[in-house]
Amino acid sequence: MKSFYFFFLAFFMYLFCLPAAAQDLSWKVEKVLGEAVVIRGQKEQMAVPDLILEAGDMVETHKRSRVRLIMDQHKLWIGPKTRFKIRDDVATNDKQDKLQLYYGKLRAKVHAPSAKEKQQEMEVLTPSAVSGVRGTEFFINVSPHKESVCTIEGHVHLQDLKSNTHHSVKPYAGVSIQPGTHPHLRAMDSRIIAQWKAETSLENDHPQWSPHYQQPHLKAHSFHPSFHMGLRLQSVVGHSNHLGYGSSLLPSEDNVFAQAKLIPEFHWGSEHKLFWAPEWLYAYSEETMTLDKNPAISERLLSKVRLPGELYYQGHRQNLKWTLGQQRLHWLDGSLLGDNLWSLDSRLYPAFRLQTQFYPYFLDIFHAASQTVRAFSGNEPLTMSGLHLSYLSWAHFFALHRNYDESKSGTSKVLQNHNVWDVGLFSSRHFDQWNYQFQYVLQNGKYFQDQVSKINEENYFYQVDLGGYLHPQWHVHAEVSYLEASRNFLPGMESQFLLGYSQLLQRTNLQLQRFRLRYSQTDWHLILDWYQSWTKEASGAFAKWSGDHVSIAEEWNARWVWNYEDHSQISWVLVALFPKTALSWATPNPEAGLATQIYWQTSI
């Protein structure tokens, strides 16, 4: 009798636990942000929490929507505008570990099986490749013209279906597959990985913000498999008081400016590409200045077509890529030479660039002539040559040589007829909760400081940034920075955003500290900055318009950036600059400089 009771109890417990065990072998919707649908055969239903998915189900997410799925100890994050399917070519009593991604973004964290568990891997099929993973966190992005696979933890085994080549994608490495090109392994920037994770996360969402890589992509139209075309529109309007954004570097009392830019882009070829982007720029500004108690109003209207604009040839061969022609130069963390953030007038350089990947290293070499579009302030180098070697995209060594010529560098005696060498180290990492950045530059160059004396001296520049989220559940990120530069340091490669949005602070005999707060959501960011600057010597000048008697200043700025569509972005900037001592050539009591700007860009 007792054996009967034991048998009955064991049978009842088996029946009770069977559904739970079966459910553990199926994907279940854990959380939904926005709207997503599950297509099962001919029927459609909304994705809701606790919905059990079956083999053959297809999941589609709408714009600005995300879904998180769980199966046993595995997790799957589905990004916006994504379609994927649980493949039905496996036995129904097996785990649903065969997925097919048609387009969009998918991130998975696959539990590493123990020695007693079945050594089974998850497989993701895309239009061009098959990825097999076990005990791995990875990311896959499928777009019309490119597929990317990136490993965050563990290893991903990738097979290119067209070339039948196999790749082992290691942590912080990625593989890109494009039509007509051979896939190759490359190191991934930790900031981009953090952004990808944020684009698929639902909670504890910590989007990373950078003015350099988070730009709207071109909305390309394909008229042929090898021909793509798109159109970019950019505009900026602004107003400033006592800041020099007009025709002079002196602080104008009032300045109103507006610019519009139209850039058609054409791409030919696949493995060998020809890129052409002519530009049409329309600019208007009205400036009021008072010199010797006489106010003067100047009005400027500019309309010009820039031909050929950006025009270059790009070739690929295995892990080697080269670019030849007139192009924009971006290096390390941003522009090689800082652009004027208040102007759409581009800097284009005739240049040759060679890049190669040999994991975990990346090598970038370039040589450029003077830019075809003269900078407003002059002082542009005649030639530039650079070398950049990085390890896993977070440890960088770089060297830069600039040659200035009197006939092409304006009238500044400081920059005539001399060579400048920069050698430095750069490191930047972004983790889930915190980030750091460090840069040190040693500079050697010959300077004409007057008509007679010629000084050959070494200069330096270094910066340290450290930031993190104030609470794991909050979206507020705080960052502190310290920067120091010697008196005659000549900037050339650092991010222009570090010194404030006014662009009136220079790295010359400067010490600067910055405190930044950033509140981030999926599509928009609010950034608040406070800068305090001072000089180590009374004769040092840190403002382009300040003269030699200003020793300290504060800048406050606020930026709001909204990516309201995949190919569109709008930003608003408010800047206040407060000189702390009188200007030697201006009024006894310096006035605060104020400026505001609205920037918009899209592609159609």
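The exercises below work through a predicted model, each with a stepwise solution.

In this predicted model, local features need pLDDT of at least 70 and side-chain atom pairs count only at pLDDT 80 or more, while totals for chains, interfaces and linings use all residues. Residues are numbered from 1 along each chain as its sequence is written, and side-chain values use heavy atoms, with hydrogens and water left out.

**Exercise 1. Overall content**

Task: State how many helices and strands the protein has, and what share of its residues is buried.

Solution. 
1. Helices (H or I, at least four residues) and strands (E, at least two) are DSSP runs, numbered from the N terminus. The protein has two helices and 37 strands.
2. Buried means under 20% relative accessible area, exposed over 50%, and partly exposed in between, with a 1.4 Å probe and protein chains only. Of the 604 residues, 49% are buried.
3. Contact means heavy atoms within 4.5 Å. Among contacts between residues at least 6 apart in sequence, 56% join residues at least 24 apart.

**Exercise 2. Asp-160**

Task: Decide whether Asp-160 is buried or exposed, and find which residues it touches.

Solution. 
1. Asp-160 belongs to strand 13, residues 156-160.
2. Its relative accessible area is 4%, so Asp-160 is buried.
3. Leaving aside residues up to four places away in sequence, Asp-160 touches Ser-128, Ala-129, Thr-165, Ile-177 and Pro-183.

**Exercise 3. Pairing around strand 25**

Task: Identify which strands pair with strand 25, and in what sense.

Solution. 
1. Two strands pair if DSSP finds at least two bridges between them.
2. Strand 22 (residues 320-327) pairs with strand 25 (residues 349-358) over eight bridges in the antiparallel sense. Here Leu-320 has Thr-356 of strand 25 as bridge partner.
3. Strand 25 and strand 26 also run antiparallel, joined by eight bridges. Here Leu-354 has Ile-365 of strand 26 as bridge partner.
4. A hairpin of two residues joins strand 25 to strand 26. Pro-360 lies in the loop between these strands, and the peptide bond from Tyr-359 to Pro-360 is cis, with omega near 5°.

**Exercise 4. An aromatic pair**

Task: Classify the aromatic pair of Tyr-462 and Tyr-482.

Solution. 
1. Rings of Phe, Tyr and Trp (its six-membered ring) pair if their centres lie within 6.5 Å; planes under 30 degrees apart count as stacked, over 60 as edge-to-face and the rest as tilted. The structure holds 14 aromatic pairs.
2. Tyr-462 and Tyr-482 are 6.1 Å apart centre to centre, with 45° between the planes, and form a tilted pair.
3. Tyr-462 lies in strand 31 (residues 454-469) and Tyr-482 in strand 32 (residues 476-485), so the pair ties together parts 20 residues apart in sequence.
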